[in-house]
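This report describes the overall dimensions of a protein chain and then turns to the packing of selected helices. The sequence and structure are shown below.

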Amino acid sequence: MKDLSSCKRVAIMGGTFDPIHHGHLAAAEAVRHRFGIDRVVLMPAGRPPHKDSDAVTQSEDRYLMTALAAAGNPLFDVSRMELDRPGASYTVDTVKEVMAMCQRKAKIYLISGADTVEHIKSWKNPQELLSLCSVAVVSRPGYSFKSLHSNIKHLKDEYGAKIYLIEMPALGISSTEIRDRVLKRLPIKYLVPESVEQYIAKQGLYRINDSILDEAELMVQSSLSEKRWRHTLGVIQESLSLARAYGADQYKAYVAALFHDCSKEMANDDKLKFCAEANIKVDDIMKKQPDLLHSFISAEIARRDYSVKDKEILNAIRYHTTGRKEMTLLDKILLLADCIEPYREDYGHLEEMKAEAYSNLNKAVVICLESKLEYTKKKNKPVHPLSLEAMDGLRGL
Ligand SMILES: [Fe+2]
Ligand SMILES: [Fe+2]
């Protein structure tokens with residue numbers, strides 16, 4: 001961190017910064033401008049006392065991303081103070097330490113998000129903390145001003161706190177959202193500084209990291225048309241969202257979605273040949289509709305060529321077209337994600353499925369199976385008994 005000894009007004013912005021994004025930087029800049037701050041110190045938290053530290057990215061990565069972001073503004077800086085402090089870290093200690101580095105009588109501002117204000121009273125020594133610094137509260141979009149004002153009033157009355165509210169235009173960015181977008185391979189350009197975007201990509205942060213799967217992704221992509229690969233990416237995104245919503249394993253959801261259609265574009269003759277060689281049982285209905293076989297073949301490719309051994313994943317791939325009796329949570333997630341992924345065309349009942357997907361999974365899967373059934377009947381093709389068994393099972397739930 002640069003020398004602060006000539007600084008008269010310093011603002012400290014603490015945070016997990018996992019990762020830092022333009023919302024943080026815009027808030028810091030607004031405070032700097034409003035109070036004529038000489039230096040804004042971004043302070044990545046060590047082991048955040050209010051967050052589960054296991055779920056937080058390595059300190060060094062968070063520090064380096066924050067440093068990269070700070071490099072874009074000569075009045076911004078980053079400090080390792082809280083990262084290097086052993087044990088739990090407290091804001092009051094940080095403020096004292098920064099004060100000691102500044103000019104005598106320097107004013108310290110603490111930049112806080114609106115949702116943090118209500119927690120200040122439960123921090124270590126709130127009375128002392130609020131006597132040492134002013135608090136600049138940057139309001140976040142969608143935050144209830146009523147509760148914010150009452151929290152601010154409480155801190156003023158109780159501790160004589162100097163608190164200022166800075167309203168920011170709607171910057172609806174959150175670190176959680178950014179991590180989720182990276183996991184789903186959605187762009188984060190313009191949400192974080194370019195250097196941070198590059199760092200995340202280079203270090204493979206927030207992604208499922210597995211070298212065999214990286215190789216598998218390339219294979220799946222190269223074996224599919226552009227349209228089918230786009231669909232696969234859509235199924236990956238939707239499966240990850242559904243897995244999170246219903247508490248399923250996101251890794252398994254990702255692997256199942258990645259492989260689910262990897263043999264979809266194989267010629268029908270080749271599908272039958274593959275099944276004969278791999279001892280995959282082909283019933284009469286499948287013989288007439290070899291497309292149904294792609295689910296079984298894709299599962300076999302995942303097992304045989306990419307060592308996917310997990311039965312739950314392999315079954316989800318196997319039954320993603322027809323469903324089956326007693327479907328597992330992962331079966332349902334993949335079958336539904338296949339039908340409602342964001343790039344999917346509407347083959348009927350799409351809006352209905354989407355409306356139920358995140359509130360009533362079983363109902364959404366039934367609508368999905370019924371819509372497939374309708375489509376099959378329209379084409380005068382026989383319905384596979386697995387689908388009928390799946391529907392019966394789900395309707396009973
Ligand atoms: Fe499929
Ligand atoms: Fe699919």
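## Overall dimensions

The chain has a radius of gyration of 27 Å, whereas a compact globule of 397 residues would have one near 21 Å. Along the principal axes, the C-alpha atoms fill a box of roughly 85 × 40 × 35 Å. The model is a predicted one.

## Domains and secondary structure

Two domains are assigned to the chain: domain 1 covers 9–199 and domain 2 covers 211–395. Their C-alpha centres are 44 Å apart. The secondary structure of the chain consists of 20 helices and six strands.

## Packing of H11 against H17

Helix H11 (residues 226–246) packs with H17 at an angle of about 135°, and the two axes are 8 Å apart. The crossing of H11 past H17 is right-handed.

On the H11 side, the contact is made by Val235, Glu238, Ser239, Leu242, Ala243 and Tyr246; H17 contributes Leu329, Ile333, Leu334, Leu336, Ala337, Asp338 and Ile340. By class, the residues of this contact comprise ten nonpolar, one polar and two charged.

## Packing of H12 against H17

Helix H12 (residues 250–259) and helix H17 (residues 329–340) have axes that come within 10 Å and cross at roughly 45°. H12 and H17 are therefore oblique to each other, and H12 passes H17 in a right-handed crossing.

Lys252, Ala253, Ala256 and Ala257 of H12 meet Leu330, Ile333, Leu334 and Ala337 of H17. The contact of H12 with H17 contains seven nonpolar residues, no polar residues and one charged residue.

## Packing of H17 against H18

The axes of H17 and helix H18 (residues 350–357) come within 10 Å, with a crossing angle of roughly 135°. That angle makes H17 oblique to H18. H17 passes H18 in a left-handed crossing.

Leu336, Cys339 and Ile340 are the H17 residues that meet Leu350, Met353, Lys354 and Ala357 in H18. This contact of H17 with H18 divides into six nonpolar residues, no polar residues and one charged residue.

Key. Residues numbered from 1 in each chain as written. Chains lettered and ligands numbered in written order. Predicted model: local features only at pLDDT ≥ 70, side-chain atom pairs only at ≥ 80, totals over all residues. Axes fitted to C-alpha atoms, helices over the stretch in contact; angles between N-to-C directions. Helix = DSSP H or I, 4+ residues; strand = E, 2+ residues; numbered from the N terminus. Parallel < 35°, antiparallel > 145°, perpendicular 65-115°, else oblique. Left-handed = near helix turned anticlockwise from the far one by under 90°. Contact = placed C-beta atoms within 7 Å. Nonpolar A, V, L, I, M, F, W, Y, C, P; charged D, E, K, R; others polar. Domains from an automatic or database assignment. Rg over C-alpha atoms; globule rule 2.2 N^0.38 Å.
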